[in-house]
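Please take a moment to look at the sequence and the model that follow, and then read on with both in view. The paragraphs below go from the sheet to the core and then to the helices and rings.

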Amino acid sequence: MDKFVRLEALVAPLDRANVDTDAIIPKQFLKSIKRSGFGPNLFDEWRYLDVGEPGRDDSKRPRNMDFVLNQARYQGAQILLTRKNFGCGSSREHAPWALLDFGFRAVIAESFADIFFNNCFKNGILPIVLSAGEIDALFALVEATPGCRLVIDLERQELLCPGGKALPFAVDAFRKECLLNGWDDIGLTLRHAELIKSFEERRRIEQPWLFA
């Protein structure tokens, strides 16, 4: 996965609490396990005025222009600002896949559902937890500032606002190291490729019947 070190990006505000994974990517789109191609159906039931189905040409579907991600001022946003308990519901890993495929690299919220929170780190998305007061202030800032951009410095664990105000955030040291280096579970395993190769060569000699 791509490294996450420092991100300066446009913010899109999703002013809703308890957004579940079926809202993030509805169940009918879970048939694929390719990790890509889910972006057009992110928040499908909110973005479109009809019912989405796999294989449809989403570019021709009627859109709900009141929904934040369809508004011109938020096009190209890579940071999603939302409320508490984001990612609740089923444990589908397709939810962070859809966010990432759409273009989001970070989600800022008051709290996250545990499994979704873990899945974000495994897929290169940084979930940032801030206090309710800080979240309220960010919503007000984004609303008052067209084109509002924030800087996320993972090494310093700071969120930098326009004007220079810095909001510190906590992140587990191991997860931070993985994001900084772009290590997903496969990447972590491949760091030990030589040890794995040596083990397999030794096993071929010690247990040759397994390879007959």
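Two strands are said to pair if DSSP finds at least two bridges between them. With that in mind, one can look at strands E1 and E5 of this predicted model, where five bridges join E1 to E5 (residues 149-153) and the two strands run antiparallel. One example of such a bridge is found at leucine 7, whose partner in E5 is isoleucine 152.

These two strands belong to an open sheet of seven strands, which follow one another in the order E4-E3-E2-E1-E5-E6-E7 with mixed pairing. Strand E4 (126-129) and strand E7 (166-168) stand at the edges, and because each has a single partner strand, one side of each is left without a neighbour in the sheet. Neighbouring strands of the sheet are turned against each other by 25 degrees on average, if direction is ignored. Helix H5 (residues 132-144) lies across several of the strands, among them E1, E5 and strand E2 (79-81), and it runs at about 115 degrees to E2.

The largest nonpolar core has 59 residues, and those with the most contacts inside it are Phe43, Phe86, Leu99, Ile108, Leu126 and Ile152. Strand E1 (residues 6-13) gives the most to this core, with five residues. Isoleucine 108 shows what such contacts look like: leaving aside residues up to four places away in sequence, it touches Ile79, Leu80, Leu81, Thr82, Ile128, Leu130, Ile135, Leu138, Leu150 and Leu159.

Another residue of the core, Phe86, leads on to the aromatic rings, of which the structure holds ten pairs. Phenylalanine 86 and phenylalanine 116 form an edge-to-face pair, with 5.3 Å from centre to centre and 75 degrees between the planes. Since phenylalanine 86 lies in the loop between E2 and helix H3 (94-102) while phenylalanine 116 lies in helix H4, the pair ties together parts that are 30 residues apart in sequence. Both phenylalanine 86 and phenylalanine 116 are buried, and together with Phe112, Phe117 and Phe121 they form one aromatic cluster.

In H6 (residues 173-181), the buried residues are Lys176, Cys178, Leu179 and Leu180. The N-terminal end of H6 is capped by aspartate 172, which has a side-chain oxygen 3.0 Å from the backbone nitrogen of phenylalanine 174, and after H6 comes glycine 182, whose phi is positive, near 70 degrees.

Terms used:
Residues are numbered from 1 along each chain as its sequence is written. This is a predicted model: local features need pLDDT of at least 70, side-chain atom pairs count only at pLDDT 80 or more; totals for chains, interfaces and linings use all residues. Side-chain values use heavy atoms; hydrogens and water are left out. A nonpolar core is a set of buried Ala, Val, Leu, Ile, Met, Phe, Trp, Tyr and Cys residues joined through side-chain atoms within 4.5 Å. Buried means under 20% relative accessible area, exposed over 50%, partly exposed in between (1.4 Å probe, protein chains only). Helices (H or I, at least four residues) and strands (E, at least two) are DSSP runs, numbered from the N terminus. Contact means heavy atoms within 4.5 Å. Axes are lines fitted to C-alpha atoms, for helices over the stretch in contact, and angles run from 0 to 180 degrees between N-to-C directions. A polar contact is a pair of N or O atoms within 3.5 Å; within protein, one must be able to donate a hydrogen and the other to accept it, and residues adjacent in sequence count only if both atoms are side-chain atoms. Rings of Phe, Tyr and Trp (its six-membered ring) pair if their centres lie within 6.5 Å; planes under 30 degrees apart count as stacked, over 60 as edge-to-face and the rest as tilted.
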